[in-house]
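Please consult the sequence and the structure as displayed here.

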Amino acid sequence: MVYKVGVQGQNINNRLSTPAFFGEKKEKKSKCENHDYVMAEEKAKRPISTSLKITADKFSKACTTYPKKGLSGSKNANFYEFLTMGMVPYLTGSAMMIGVFNLAAKFFNTPDAVNALKLGKKMGIGVAAYGVAKTLSKKLIEVPVKWKHGIDVNLPYKKVVYELPEEGNKDNLVTHEYHKVFESVDFPRWDLLYNNEYYGEERNAYFNKVADKMGVANGDLDHSDQKVKPKIKEKLIQTKVFSTLASYLWAGTAVALSMQKPWENLKLSKNIVKDFGSAFVRSCKEFVNHPDKVTKYAGRGLLGAAVGVTLLGNFMTLFDFNKDKSSKTQAATSLFENGKEKVVC
C-alpha cells in the first residue's frame, strides 16, 4: 500500500525521487510546502520577529502537540520534539524560583516577610538576567563572525517532516520543524545553500560570497564550495566553543550582579526605567568594590574571565592563522599539477 502525503498528494516514493532531495535546483513552489527551505530572507528583513515567531511556535507545540504525541505513544514522536519540550520545565522552574519567596512572604511574620521579598526581588532579577545575558552574550562573538566571514551560525531553516499514518492522523501527514543549517558541524545542510536564489543566481552563490569574504579563493571562484567548506567548519567549531563558554560566564556574572544590595530598593513605579538604571549602576559599583575582599576579587575575577573569553573568542574567530599554510599547500598542489603535465611517459 502507498500512502499519500503532502499538500499536493505526492506519495513518498515519488517525493524521494525528485531532484530536491539530491541537491539539484528545486522547483519554484510556495515555501515549505514540500521541501525544506532556508529562512535567510525572513531573518535578514525581520531578525527579531522571525526569531520570536520560531520560538513561539516551538513553545506552543511543546505545551500542546508534542506532549500529547508522547503520552499517547505515537510512533511519530521524535527526538526533536523531546528536546523542544525542554523549554517547558526550564520556564516553569524559572517561574517557581521567582515565586517561591514572593508568594510565600505573606505567610511569614513582618521582619521575615520583608527579607523574603527582598530576596525574592533579587531572585526574579537574577532569573531574568541569566536568560538575557546567556542569550545576548553569544552575539558578541557570533555577530562579528557573520560580519567578517559571512557565516551565520544560527541560520534557520524550516524542515518538512512526513509522518507515518496512524489512527486519528490519516490525512494531515506533514509537519514542520525548525532547525539550523549549521546545527551539526560534521553534517551541515550544505544542500540548502546550493541554488539558493536569495544569495544569487549561480549554483555556488553562497559559497562564492563566503570565499570572497574569507579570502580563500584568491579571486578564483571555481569550485568555491570545496575550497571554503573546511574553513566554514573550522570557524563553526571556534565560534560555538567560545560563544558557549562566554555565555555561561556572562550569565554567571549577571546572576552575581543581581544579588547586590541596591536591587532590594527597586520598586515598580512610573519611574521604573530610571530606578532600574540607577540600581544597575550602583550594583555594578558594589560588585567590583564589595566591602568583603574575597567577594570583591571573586566578582572581579568572574567579570574579567567573561570579558577575556569574549575578546579571545573574537581574536580566534576573526583571524585566520592557517591561511598562510593553506596558501602554501594550494601553491604546492598547483606546481605539482603543472609539472605533471610536462612528464613524458
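Q: Is Glu 264 buried or exposed, and what is its relative accessible area?
A: This is a predicted model, and the values discussed are computed from it. The side chain of Glu 264 meets that of Lys 261 in a salt bridge, at 3.5 Å from N to O. A residue is called buried under 20% relative accessible area. Glu 264 falls in that class and is buried, because its relative accessible area is 15%.

Q: What is the mean pLDDT of the protein?
A: Over residues 1-30 the pLDDT is below 50, although this stretch has 45 contacts in the model beyond near neighbours in sequence. The pLDDT is also below 50 over residues 329-345, a stretch with 2 such contacts. Of the residues in the protein, 82% reach 70 or more, and the mean pLDDT is 83.

Q: How many salt bridges does the structure hold?
A: A pair counts when a side-chain nitrogen of Lys or Arg is within 4 Å of a carboxyl oxygen of Asp or Glu. For the structure, the number of salt bridges is 13.

Q: Which helices hold Lys 69 and Glu 81, and how many residues apart in sequence are the parts that this pair ties together?
A: Lys 69 lies in helix H4 (residues 65-71) and Glu 81 in helix H5 (residues 79-84), so the pair ties together parts whose separation in sequence is 12 residues.

Q: How many residues apart are Glu 163 and Lys 69?
A: The side chains of Glu 163 and Lys 69 meet in a salt bridge of 2.8 Å, N to O. This pair links distant parts of the chain: Glu 163 is in the loop between strand E4 (156-162) and strand E5 (174-180), while Lys 69 is in helix H4, and the two are apart by 94 residues. Both Glu 163 and Lys 69 are buried. The separation asked for is thus 94 residues.

Q: With which residues is Lys 43 in contact, leaving aside its neighbours within four places in sequence?
A: Lys 43 is found in helix H2 (residues 40-45). Lys 43 counts as buried because its relative accessible area is 16%. Apart from neighbours within four places in sequence, its contacts are Thr 50, Asp 152, Asn 154, Leu 155 and Pro 156.

Q: What distance separates the C-alpha atoms of Val 145 and Leu 236?
A: Val 145 is found in helix H8 (residues 139-149) and is buried, with a relative accessible area of 1%. Leaving aside neighbours within four places in sequence, its contacts are Gly 150, Ile 151, Thr 239, Thr 317 and Leu 318. Val 145 and Leu 236 are 91 residues apart along the chain, and their C-alpha atoms are separated by 9.3 Å.

Q: Where is Phe 319 placed?
A: Phe 319 belongs to a nonpolar patch on the surface with Leu 312, Phe 315 and Phe 321, and together they have about 410 Å² of accessible area. Phe 319 is partly exposed, because its relative accessible area is 46%. Its place is in the loop between helix H12 (293-318) and helix H13 (323-340).

Q: What is the count of disulfides?
A: A disulfide requires a pair of cysteine sulfur atoms within 2.5 Å. Cys 63 is partly exposed at 41% relative accessibility, and Cys 284 is partly exposed at 26%. By the distance rule, the count of disulfides is 0.

Technical notes. Residues are numbered from 1 along each chain as its sequence is written. This is a predicted model: local features need pLDDT of at least 70, side-chain atom pairs count only at pLDDT 80 or more; totals for chains, interfaces and linings use all residues. Side-chain values use heavy atoms; hydrogens and water are left out. Patches are made of residues with over 30% relative accessible area and no salt bridge: like charges are joined within 9 Å, nonpolar side chains (Val, Leu, Ile, Met, Phe, Trp, Tyr) within 5 Å. Accessible areas come from the Shrake-Rupley method with a 1.4 Å probe; for residues, only the protein chains shown count as cover. Helices (H or I, at least four residues) and strands (E, at least two) are DSSP runs, numbered from the N terminus. Buried means under 20% relative accessible area, exposed over 50%, partly exposed in between (1.4 Å probe, protein chains only). Contact means heavy atoms within 4.5 Å. pLDDT is the predictor's confidence in each residue, from 0 to 100.
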